[in-house]
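The text follows the model shown here.

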Amino acid sequence: MRKLLNTLYVMTESCYLTLDGENIVIIDDEKTLGRFPLHTLENIVCFTYKGATPALMGACAERKIGMSFFSPRGKFLARAVGREYGNVLLRKEQYRISDNQDRSILYAKNMILGKVFNGRWSIERTLRDHAYRVDEEKLRQVSHFLYETLPDIEKVSSLDELRGVEGKAAEQYFSVFNDLILNQKEDFLFSTRNRRPPLDNVNAVLSFAYTILAGECANALYSVGLDPYVGFMHSDRPARISLALDLMEELRPILADRFVLTLINKKSLQASHFERQQDGAVLLNEEGRKVFFNAWQNHKKEKITHPFLKEKMEWGLVPYVQALLLARTIRCDLDGYPPFLWK
């Protein structure tokens, strides 16, 4: 089993990253702020406009270290990608599946089934642990709706129909998301999902979590030889990592949504960790991103038992394992793609 390595987050926007031997060096105004051996890293995420040297980006690409660049306010800018790895036959088969709706839908249905299943599980967990603090009847109605949606997913015959079923399930799921927020209700009021831009604190941290998770899914797909830009449910669009977004669907409720709820309910994130822009957009500030990533790294190290493989692993390896299972399914080593169904 692959070993979970560290992710380096560079938060100071004036920093510049360079290579010294086998080490990444972080420099700010000619001062060395840190030095990290490359062999200990799996990903580098930079919130800086100054960027990195070509030598460092090349070294990361050669060692399959994911390297992503964001603006200091959290907008995705670019991802450093080197030579393509993996069996060309695997990618050619991926492209054939993507161009064939009858084949694509078999993968997409399982991913959306995982999303709805895990969304329902998230609601059920709140009912189990905090029934006395929530509107129990309201949450049970939505949980039942999601439960009845599962067989409907199996029956769809087109991607448009699948998107319609998924959209209704998502609408129901987010209709009770505010009920899952147990503390700091005044500062973290959720009424509806909004993005581009997010207009409140909850949507701001949800969008940020989805962006980070999508990047990790893309890196996982690269690592097993798949093309993250060619999806089965999300349509082809320039610069969109469609397959990474497909893979992320089943992981949103458990790796992103539950994580965000924990940050809010445990008061790790507070109103002071957000800032409102002139256009009304609400974003995590630098201190808020530090809190997020510190908790994210700790969460990724927590041990679980994978529901399909029955093996113990860290949460942070789940995107990689699901990408590996997807590759095995495309190779016909598995009869069908097994989504991550958490209980």
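Phe177 is buried, with a relative accessible area of 0%. The model is a predicted one. Phe177 forms an aromatic pair with Phe174; the centres are 5.7 Å apart and the planes are at 55 degrees, which makes the pair tilted. Phe174 also counts as buried, at 17% relative accessibility, because the cut-off is under 20%.

**Helix α5**

Phe174 belongs to the buried residues of α5, a group that also holds Leu159, Leu162, Val165, Glu166, Ala169, Ala170 and Tyr173. These buried residues line one face of the helix, because they fall within an arc of 160 degrees when seen down the axis of α5. In general, an α-helix has 3.6 residues a turn, so residues three or four places apart point the same way. The face of α5 turned away from the buried side carries Asp160, Lys168 and Glu171, which are exposed.

Helix α5 runs over residues 159–175, 17 residues in all. From its first C-alpha to its last it reaches 24 Å, close to the 24 Å expected at 1.5 Å a residue. Which helices do the buried residues of α5 pack against? They pack against α3 (101–130), α4 (136–155), α6 (201–223), α7 (242–249) and α8 (252–265).

**Aromatic pairs**

The structure holds 17 aromatic pairs. A pair of aromatic rings is described by the distance of the centres and the angle of the planes. Two of the pairs are set out below.

| Pair | Centre to centre | Angle between planes | Class |
|---|---|---|---|
| Phe174 and Phe177 | 5.7 Å | 55 degrees | tilted |
| Phe208 and Phe292 | 5.0 Å | 85 degrees | edge-to-face |

Why is the pair of Phe208 and Phe292 edge-to-face? The planes of the two rings are at 85 degrees, and the cut-off for this class is over 60 degrees. Phe208 lies in helix α6 and Phe292 in helix α9 (residues 286–300), so the pair ties together parts that are 84 residues apart in sequence. Phe208 counts as buried at 7% relative accessibility, and Phe292 counts as buried at 0%. Ring pairs also link Phe208 and Phe292 with Phe259, Phe293 and Trp296 into a cluster.

**Arg252**

Arg252 lies in helix α8. Is Arg252 buried or exposed? At 15% relative accessibility, Arg252 counts as buried. The charged end of Arg252 sits over the ring of Tyr210, 4.4 Å from the ring centre. Leaving aside neighbours within four places in sequence, Arg252 is in contact with Tyr210, Lys115, Leu213 and Asp257.

**Cysteines and Gly215**

How many disulfides does the structure hold? It holds zero disulfides. For Cys217, the closest cysteine sulfur is that of Cys46, at 20 Å, too far for a bond; the cut-off for a disulfide is within 2.5 Å. Cys217 counts as buried at 0% relative accessibility, whereas Cys332 counts as exposed at 63%.

Gly215 has its place in helix α6 and counts as buried at 9% relative accessibility.

Terms used:
Residues numbered from 1 in each chain as written. Predicted model: local features only at pLDDT ≥ 70, side-chain atom pairs only at ≥ 80, totals over all residues. Heavy atoms only, no water. Helix = DSSP H or I, 4+ residues; strand = E, 2+ residues; numbered from the N terminus. Expected span 1.5 Å × (residues − 1). Buried < 20%, exposed > 50% of the residue type's maximum accessible area, 1.4 Å probe, protein only. Arc of directions from axis to C-beta. Contact = heavy atoms within 4.5 Å. Phe/Tyr/Trp six-rings, centres within 6.5 Å; stacked < 30°, edge-to-face > 60°. Lys NZ or Arg CZ within 6 Å of the ring centre and 35° of its normal.
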